[in-house]
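Let's take a friendly look at how charged side chains can pair up across a protein chain. Have the structure open as you read.

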Amino acid sequence: MLNYLNHYSMKTNSYLFTSESVSAGHPDKIADQISDAILDAYLRLDKEAKVACECLITTNYCCIAGEITSTAKVDALAIAKEVIREIGYNNEEIGFDYKTARFEILLHTQSPEINKSVSNGGAGDQGIMFGYACRETEELMPLPIVLSHRLMQRHHELRSHPEFNWLLPDAKAQVTIRYESDEKPVVDTVVLSTQHSAKISQEELHQAVKKHIIDPVIKDHLGKCAPTFHINPSGSFTIGGPHGDTGLTGRKIVVDTYGGKCPHGGGAFSGKDPSKVDRSAAYMARFVAKHIVAAGLAKECTVQIAYAIGHNQPVSLLVDVHSSGRWPNSIITKFANICFDLSPDGIAAKLNLKQPIYRKTAVFGHLGNPEFTWEIIHEDLISALKDEEATHLNAHLKVLGRPSDNQRILTYKQELKRYTEEQLIAIHNMQRKNRLAGTSALVGKALHEEMLSRELNCDVITDRNKDGKVAGYLYSAHIEIEIHDGKKSIVIVKEN
């Protein structure tokens with residue numbers, strides 16, 4: 001896969017990367033939450049409901065439209081008003097009042113042709129979906145989007161405190177991270193804009209936002225140089241919400257995912273039931289990528305899945321580990337194909353997607369939240385991936401013919417020279433854990449010598465009989481390396 005961000009994975013002197021998030025009161029996010037709240041209402045009553053619900057919201061007006069086929073009866077108007085009330089738009093002075101605004105409901109049933117295509121477990125549409133994981137944070141998410149979401153979560157929490165009643169619902173955050181070769185990523189720049197009441201001065205607002213929102217979030221990610229802060233850089237921001245900007249469902253897809261750190265297929269998530277692979281397969285792509293990184297197969301991973309409408313298996317799967325993996329992309333893609341069920345029904349079952357869980361996903365990102373099923377690491381899948389890796393190695397290192405020991409060792413060593421240091425360490429560790437117990441002892445000797453030639457730590461040694469012939473391999477034994485006239489010699493100490 002040609003990845004336009006691939007160079008970010010390589011060691012460079014320095015580069016900056018920026019991601020943004022928006023608050024629950026941002027107009028687009030109001031629309032997303034209404035769409036997902038309506039979806040949840042249908043799924044509570046009918047787990048097989050087919051829902052595609054869109055929302056438009058502007059000054060004193062909200063339109064809900066879409067296609068829904070379900071046995072359930074849901075009051076979409078009441079749900080929309082309750083969502084807007086909970087967000088805090090209950091007064092025309094702050095941009096919208098759910099009590100006086102005009103609402104229009106334009107919902108109808110799903111096309112029978114589309115409904116037929118999904119009735120047997122087929123994908124609800126064609127499309128491409130991406131998932132991503134990396135080791136930058138404990139969530140295995142990119143740091144810029146994680147910090148951007150945390151700023152907006154902090155903003156949301158403070159709005160419930162009386163002393164911050166000047167904070168109004170609409171807000172945006174943007175975090176720029178500086179990446180240096182082999183150094184911890186640090187915050188370079190923070191931009192935060194928040195709607196506010198007229199009673200607070202800009203100076204007071206700047207001080208409060210920095211002290212109570214920004215500083216607690218970024219304190220563990222500071223470098224030698226202090227970050228640059230831009231707080232309400234346009235000045236006064238009293239007109240916000242739907243009155244300041246029209247909101248639409250599905251317009252914050254990069255905020256919803258990885259903050260631009262990986263490609264996006266284009267499909268939005270909110271308001272769509274799990275038969276729509278735009279949503280469910282994007283969650284599964286994240287699930288696959290996260291397990292590949294968690295299993296130690298790669299430090300960074302992008303997964304692409306593509307579907308044809310009505311088909312219950314993807315037309316393609318690609319895993320790209322950005323040169324950070326123990327194996328080539330094609331091999332890890334093979335592991336993923338074996339270990340994960342990528343059919344729409346299989347995805348919905350594995351991730352338990354036919355539940356009313358979606359309103360919570362519509363703010364602060366669909367990914368990285370440990371409460372979401374697609375974020376949970378399954379130890380059986382980690383083990384399955386490692387078993388597939390061991391099977392691949394066993395097949396790759398299988399003894400062919402019966403040449404002399406020295407010839408075989410030379411053959412193995414030539415093969416092992418193709419491997420990266422991480423791959424050699426992986427083979428070594430799998431031997432120690434008996435995942436490669438069936439391989440020849442001579443493979444272990446070749447591995448041991450190749451690792452030592454690269455000055456890699458290993459504790460796999462030869463156990464010799466009295467006549468000096470190879471008898472087998474011991475693990476966790478002691479090895480010493482002596483240097484004579486600038487040359488290495490291995491001193492093998494048999495385990496007691």
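In this predicted model, R286 has a relative accessibility of 0%, so R286 counts as buried. R286 forms a salt bridge with E375, and their closest N and O atoms are 2.8 Å apart. R286 lies in helix 8, while E375 sits in the loop between helix 10 (344-350) and helix 11 (379-396), so this pair ties together parts that are 89 residues apart in sequence. E375 is buried too, with a relative accessible area of 4%.

Helix 8 (residues 277-294) is also the place of Y283. Y283 is buried, at a relative accessible area of 1%. Leaving out residues up to four places away in sequence, Y283 touches several others, among them F269, L351, Y358 and W374. Y283 and T373 are 90 residues apart in sequence, yet their C-alpha atoms are 9.1 Å apart in space.

How many salt bridges does a search of the whole structure find? There are 22, and here are three of them:

| Pair | Closest N to O distance |
|---|---|
| K29 and D256 | 2.5 Å |
| R286 and E375 | 2.8 Å |

Are K29 and D256 buried or exposed? Both are buried.

E136 lies in the loop between strand 7 (127-134) and helix 4 (143-158), and K261 in the loop between helix 7 and helix 8, so the pair ties together parts that are 125 residues apart in sequence. E136 is partly exposed at 27% relative accessibility, whereas K261 is buried at 5%.

Finally, D28, R251 and K252 are linked in a network of salt bridges.

Notes:
Residues numbered from 1 in each chain as written. Predicted model: local features only at pLDDT ≥ 70, side-chain atom pairs only at ≥ 80, totals over all residues. Heavy atoms only, no water. Helix = DSSP H or I, 4+ residues; strand = E, 2+ residues; numbered from the N terminus. Buried < 20%, exposed > 50% of the residue type's maximum accessible area, 1.4 Å probe, protein only. Contact = heavy atoms within 4.5 Å. Salt bridge = Lys/Arg side-chain N within 4 Å of Asp/Glu carboxyl O.
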